[in-house]
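Colleague: I would like to go through the labels attached to this model and hear what each one rests on.
Modeller: Go ahead.

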Amino acid sequence: MNKLKKMEGNQFLLIITILLFVIMYIVGIIVFHEKGFTKTQVFLNLLISNAGLIVIATSMTMVLITGGIDISVGSVVAMTCMLLAWMMENKGIGAVPAVILVLLIGVVFGLVQGYLVAYMKIQPFIVTLAGMFFARGMTAIISTDMISIKNEMFLSWAQAKMYMPFGGYVNKKGIIVNPYIYPSVVIALLILVLIFIMLKYTKFGRSIYAIGGNEQSALLMGLNVRRTKLKVYVLDGFLAAFGGFLFCLNTCSGFVEQAKGFEMEAIASAVIGGTLLSGGVGNVFGSLFGVLIKGTIETFINFQGTLSSWWTKITIAALLAFFIILQSVFAKAKEKKK
Amino acid sequence: MKRKVLSVLLSAALAATLMTGCGQATSEPAAEAAPAEEAAPAEEAAPAEEAAADELIVVGYAQVGAESDWRTANTESFKTEFVEANGYKLIFDDAQQKQENQIKAIRSFIQQEVDYIVLAPVVETGWDTVLQEAKEAGIPVILSDRMVDVADDSLYECWVGGNFVKEGEDAAGWLSEYLTAQGRADEEINIVTLQGTIGASAQVGRTEGFASKMADTWTMLDMQTGEFTQSKGQEVMESFLKQYDDIDVVVAENDNMAFGAIDAIKAAGKTCGPEGDIIIISFDAVKAAFESMIAGDMNVSVECNPLHGPRVSEIIQTLESGGTVDKVMYVDEGVFPAETAADTIGSRAY
């Protein structure tokens with residue numbers, strides 16, 4: 001009974017997030033329709049520019065559901081980009097082995113963090129804080145220079161446009177522009193769906209919710225809490241590296257300052273999408289909409305043209321406040337019903 | 001309950017972090033400095049009238065951020081140049097020092113069908129994909145300040161910025177004149193250089209330019225990087241002073257390092273500036289450099305002009321009338337010695 005209520009509240013939060021996105025988008029269309037906000041491409045750009053963030057936010061959601069947190073992801077993204085660029089440009093390693101290598105490094109990274117969190121019982125915040133410093137530091141050790149990726153195979157992945165069969169238009173220079181996406185978008189959405197299915201329908205996924213909901217009861221229920229947590233962090237490390245790979249497809253370069261504050265954007269997207277930092281509640285689709293909301297605000301500010309881009313942060317701060325208050329109200333209501 | 005409080009606190013902390021923002025002061029190697037007077041060339045008044053009848057030219061500017069005074073002056077120069085009275089509409093985007101934000105901004109400019117995109121790239125790398133998108137949409141891209149590292153240079157129309165090599169040459173030229181005026185032209189002169197961040201275009205150009213104009217009687221004792229920061233500049237200068245006791249000239253590849261060097265020299269009990277033992281040559285010519293020159297600590301600063309707006313506007317007008325422009329377009333830059341500092345400081349834009 002209690003669980004049913006929880007799900008309802010959770011679903012309600014998700015609906016609010018989706019509704020908010022739809023309303024914002026409609027407002028955008030009304031306000032900026034003359035400037036081309038109605039174009040299919042404007043929406044697709046939200047996905048293109050945020051493909052990496054979608055994967056990172058998905059993974060973050062999973063970690064948050066266990067009641068943990070991973071603030072190392074931004075640095076891992078930077079390290080992944082740097083490693084990819086460095087391996088391909090300075091070491092002459094092919095694109096495929098380079099990508100496989102960085103994904104393996106991501107897994108190892110997750111394994112270490114997961115072991116420290118699950119078996120050594122160290123606070124995830126501290127563990128991943130160390131991970132964050134370590135990965136950022138390693139990025140600088142590999143190279144303090146900016147490295148541009150020129151590997152042909154990698155660039156062909158990055159630039160392979162997949163045109164949509166609809167929504168084309170002729171721009172004012174007389175050029176026909178068809179809406180398009182890059183493969184990174186398809187991959188990101190695929191990962192999102194896979195993680196969604198994993199969380200919802202597999203034993204592993206359900207254990208994640210159970211552990212986040214109440215670790216003691218999960219333990220008493222006979223779930224292997226430590227093992228599950230370890231697995232979550234390993235998967236999270238892998239997805240962080242994968243998100244980094246997608247991010248790199250968008251920027252095609254490696255440098256130390258890359259993806260700074262990315263972890264915070266992922267956490268913000270998850271929270272806006274209805275994930276509770278206290279664990280046990282969360283939905284990866286909510287996080288997707290969290291990312292899309294952030295992207296829409298950015299697009300607004302760009303289309304507006306004169307507002308400071310820092311308003312993005314302020315708006316997101318306001319949204320975060322709104323959503324955590326909403327969550328807290330729900331939690332209170334639930335407690336009363338008990 | 002405890003958990004909930006914790007989660008609320010964490011979220012609040014998160015919101016606060018988001019608001020204060022990340023990645024403020026990234027070191028700003030490329031440049032800092034400039035006078036306002038030399039701006040608007042006369043022909044700029046003309047296009048205003050014809051544009052008023054016609055449509056406004058829409059220009060999207062993807063700016064790095066607002067990390068330094070130089071950058072702010074650069075932004076202001078665009079905001080004052082690209083106004084409706086001149087026939088423009090400016091869409092300005094501040095990328096907060098993040099490349100991914102600039103990529104997003106360019107994509108958004110393409111959707112808004114701007115006529116021109118001006119890009120001051122945060123980094124030189126990783127622009128192939130998005131510039132290709134702009135090219136396919138038929139929108140010319142003009143680069144400001146920093147170059148991009150792309151395989152195909154038809155992806156951008158041209159680059160506008162300071163000529164770092166010439167700045168280096170100007171610095172050496174000034175030194176040679178100064179020494180001649182002091183009657184020290186035949187003397188052995190020992191020089192040390194505080195280099196910028198190695199590999200930054202400002203460092204490479206200034207080092208190269210200065211080296212190419214070295215006189216036979218000059219000796220370059222040592223060169224080390226001070227990474228464009230005051231503290232590192234001071235540190236390196238301290239070690240130079242311990243190593244060499246006969247330094248005549250310090251070349252600092254930006255003003256901040258020069259300030260650090262001046263502190264180090266004073267701490268070591270030596271003197272610098274026009275009245276002192278050691279000649280200080282610096283680059284950028286920010287307002288603080290003028291103050292330092294007036295205080296008698298610095299000898300000269302070679303400017304790095306941030307006022308790119310008028311130059312970019314000229315280029316756009318040329319392109320609009322069907323003309324072509326060179327791939328590399330320099331802005332005018334001056335040399336400001338200490339003698340004139342008091343007179344010019346009032347006219348500095350920053």
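Colleague: Where is B:Asp284 placed?
Modeller: B:Asp284 is in strand β9 of chain B, where helices (H or I, at least four residues) and strands (E, at least two) are DSSP runs, numbered from the N terminus. The model is predicted: local features need pLDDT of at least 70 and side-chain atom pairs count only at pLDDT 80 or more, while totals for chains, interfaces and linings use all residues. Residues are numbered from 1 along each chain as its sequence is written, and chains are lettered from A and ligands numbered from 1 in the order in which they are written.

Colleague: Why does B:Asp284 count as buried?
Modeller: A residue is buried if 20 or more other C-beta atoms lie within 10 Å of its own, exposed if 12 or fewer, and partly exposed in between, with C-beta atoms placed from the backbone. B:Asp284 has 31 C-beta neighbours inside 10 Å, so it counts as buried.

Colleague: What is the phi of B:Asp284?
Modeller: Phi of B:Asp284 is near 100°, a positive value in a residue other than glycine. Most residues other than glycine have a negative phi.

Colleague: Which loop holds B:Glu227, and why does B:Glu227 count as buried?
Modeller: B:Glu227 is in the loop between β7 (218–225) and α8 (230–243) of chain B. B:Glu227 counts as buried because it has 23 C-beta neighbours inside 10 Å. B:Glu227 is not a glycine, yet has a positive phi of about 50°.

Colleague: Why is B:Asn190 called partly exposed?
Modeller: B:Asn190 has 17 C-beta neighbours inside 10 Å, so the label is partly exposed. B:Asn190 lies in strand β6 of chain B.

Colleague: What does B:Asn190 touch, leaving out residues up to four places away in sequence?
Modeller: B:Asn190 touches B:Thr219, B:Leu221, B:Tyr244, B:Asp246, B:Ile247 and B:Asp248. Contact means that the C-beta atoms of two residues, placed from the backbone, lie within 7 Å.

Colleague: What span is expected of α6(B), and what span does α6(B) reach?
Modeller: The expected span of a helix is 1.5 Å times one less than its number of residues. Helix α6 (residues 164–181) of chain B has 18 residues and reaches 26 Å from its first C-alpha to its last, close to the 26 Å expected. Its buried residues include B:Phe164, B:Trp174, B:Leu175 and B:Leu179. The buried residues of α6(B) pack against β6 (189–195), α7 (201–212), β8 (249–252), β9 (279–284), β10 (300–303) and β12 (335–337) of chain B. After α6(B) comes B:Gly183, with a positive phi near 75°.

Colleague: What makes α13(A) mostly covered?
Modeller: In α13(A), 19 of its 21 residues are buried. Helix α13 (residues 284–304) of chain A reaches 30 Å from its first C-alpha to its last, close to the 30 Å expected. Just after α13(A), A:Gly305 has a positive phi of about 90°.

Colleague: How many residues of α4(A) are buried?
Modeller: In α4(A), 16 of its 18 residues are buried, and the helix is mostly covered. Helix α4 (residues 73–90) of chain A reaches 25 Å, close to the 26 Å expected.

Colleague: Why is α9(A) called roughly perpendicular to α11(A)?
Modeller: Helix α9 (residues 203–213) and helix α11 (residues 225–251) of chain A pack at an angle of about 110°, with axes 10 Å apart. Axes are lines fitted to C-alpha atoms, for helices over the stretch in contact, and angles run from 0 to 180 degrees between N-to-C directions. Angles under 35 degrees count as roughly parallel, over 145 as roughly antiparallel, 65 to 115 as roughly perpendicular and the rest as oblique. That is why α9(A) is roughly perpendicular to α11(A). The contact residues include A:Phe204 and A:Ile208 of α9(A) and A:Val225 and A:Val232 of α11(A).

Colleague: How many residues of chain B are in contact with chain A?
Modeller: 42 residues of chain B are in contact with 53 residues of chain A. The largest share of the chain B side, eleven residues, comes from α1(B).
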